[in-house]
Amino acid sequence: MAAFGLARDAKPDPHLHRVNFTIELGRKGFVDMVRVQTIEEDSWQAVYSDRQQEEATREIENGGLVFFPRLAFTLSEAEKRFLVPDAVGQKVKNVSFDIRNGTLRGSALEGADAAALRAMLDRYARQALALVRSLLPHYAPTLEQARTSYRPVEAAGRTTSWRKDDTRLHVDAFPSSPNQGQRLLRVFSNINPAGKDRVWNIGEPFEAVAQRFLPSIAASSPGYARVLRALGITKSLRTEYDHIMLQMHDRMKADKNYQATAASAQLRMPPGSTWIVYTDSVSHAALSGQFMMEQTFLLRPAAMLDPSVSPLRILERMVGRALA
Ligand code: SIN
Ligand code: FE
């Protein structure tokens with residue numbers, strides 16, 4: 001099978017080199033490699049100025065994180081009983097909730113306990129939506145709210161296979177849920193009750209990851225994509241874009257040399273903090289931490305302030321044709 005050739009103007013970035021440092025978020029807000037915009041707000045219903053909205057939108061579109069050191073997702077006394085790893089079922093990493101149909105998945109709980117856990121995820125879903133609507137109003141008209149998750153399992157050592165090992169640098173792409181070029185915008189909140197940070201590594205920019213891995217990715221087969229869809233293995237058609245993103249995700253994780261040598265910076269997100277990031281373009285690895293909430297949103301690149309920086313448009317420029 002043919003590999004994806006790079007368009008002629010695509011050159012490797014000569015400025016990339018190995019960098020490793022730790023950013024104690026909340027103490028130091030901005031470092032060259034990982035851009036972090038800190039917002040000192042403690043309310044999910046805060047009102048933001050036009051300038052804050054524009055800056056935050058540009059920051060995340062350009063591969064940065066918006067970090068709220070004091071924006072906490074608060075559990076009621078009764079909900080604190082869910083701060084145990086076995087709130088999830090066996091062999092599952094997360095409890096997930098879909099506000100579009102009200103379903104809770106992955107929980108080991110039943111009856112009233114399950115309903116209370118569901119209410120907790122529902123509240124997070126609503127607060128995350130309120131935050132994104134007020135901070136990133138440009139997206140509000142077309143933003144789609146997808147899954148909400150609760151992650152009570154320690155991130156270090158929770159893995160079952162290299163492909164599922166999120167302690168390795170990767171960009172997000174999911175085998176059964178093609179997004180056909182839509183962005184994956186995520187809100188995370190560390191709710192650890194014992195003072196434990198969520199520790200991430202952030203890797204090199206998306207262009208650099210794509211330059212490195214795209215040339216070795218074989219072209220996708222439209223027939224195979226139709227079979228996956230017909231068998232229900234994918235929820236919608238796996239486009240060429242989805243194929244490339246999945247391959248990038250897998251190749252990054254499988255490449256031990258890349259994991260050991262790629263430029264990265266460590267971020268420590270303390271309990272009581274919240275952050276927003278595009279995880280389809282920002283290379284990340286969750287090294288450790290326990291008890292976190294997460295909300296995923298989907299957004300068409302056309303709805304961005306600058307669609308040209310979306311992974312879809314970047315990859316399309318590199319291969320010289322439409323991918324979704
Ligand atoms: C991931 O998206 O790779 C996991 C993030 C986390 O669990 O902190
Ligand atoms: Fe991820």
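Q: What stands opposite Phe68 in S10?
A: That is Thr274. Strands here, like helices, are DSSP runs numbered from the N terminus (E, at least two residues, for strands; H or I, at least four, for helices).

Q: How do S3 and S10 pair, parallel or antiparallel?
A: Antiparallel, over 3 bridges, with S10 covering residues 274-278. Two strands count as paired if DSSP finds at least two bridges between them. One caution: this is a predicted model, where local features need pLDDT of at least 70, side-chain atom pairs count only at pLDDT 80 or more, and totals for chains, interfaces and linings use all residues. Residues are numbered from 1 along each chain as its sequence is written, while chains are lettered from A and ligands numbered from 1 in the order in which they are written.

Q: Thanks! And which way do S2 and S3 pair?
A: In the parallel sense, over 3 bridges, S2 being residues 36-38. Val36 stands opposite Leu65 in S3. With helix H1 (residues 50-61), S2 and S3 make a right-handed β-α-β unit; right-handed means that, with the strands pointing away from the viewer, the path from the first strand over the helix to the second runs clockwise.

Q: Which way do the residues of S3 point?
A: Leu65 and Phe67 go one way, Val66 and Phe68 the other, and all are buried. Buried means 20 or more other C-beta atoms within 10 Å of the residue's own, against 12 or fewer for exposed and in between for partly exposed, with C-beta atoms placed from the backbone. In a regular strand the side chains alternate between the two faces of the sheet.

Q: What does Trp275 touch?
A: Leaving out residues up to four places away in sequence, Trp275 touches Leu65, Val66, Phe67, Phe68, Phe188 and Met269. A contact is a pair of C-beta atoms, placed from the backbone, within 7 Å.

Q: New topic: what surrounds ligand 1?
A: Arg151, Ala155, Asp166, Asp172, Arg198, Thr279, His284, Ala286 and Met292, each with its C-beta atom, placed from the backbone, within 6 Å.

Q: Last one: which residues of H7 are buried?
A: Pro311, Leu312, Ile314, Leu315, Glu316 and Met318. Their cover includes helix H3 (206-213) and helix H5 (240-254).

Methods
Contact = placed C-beta atoms within 7 Å.
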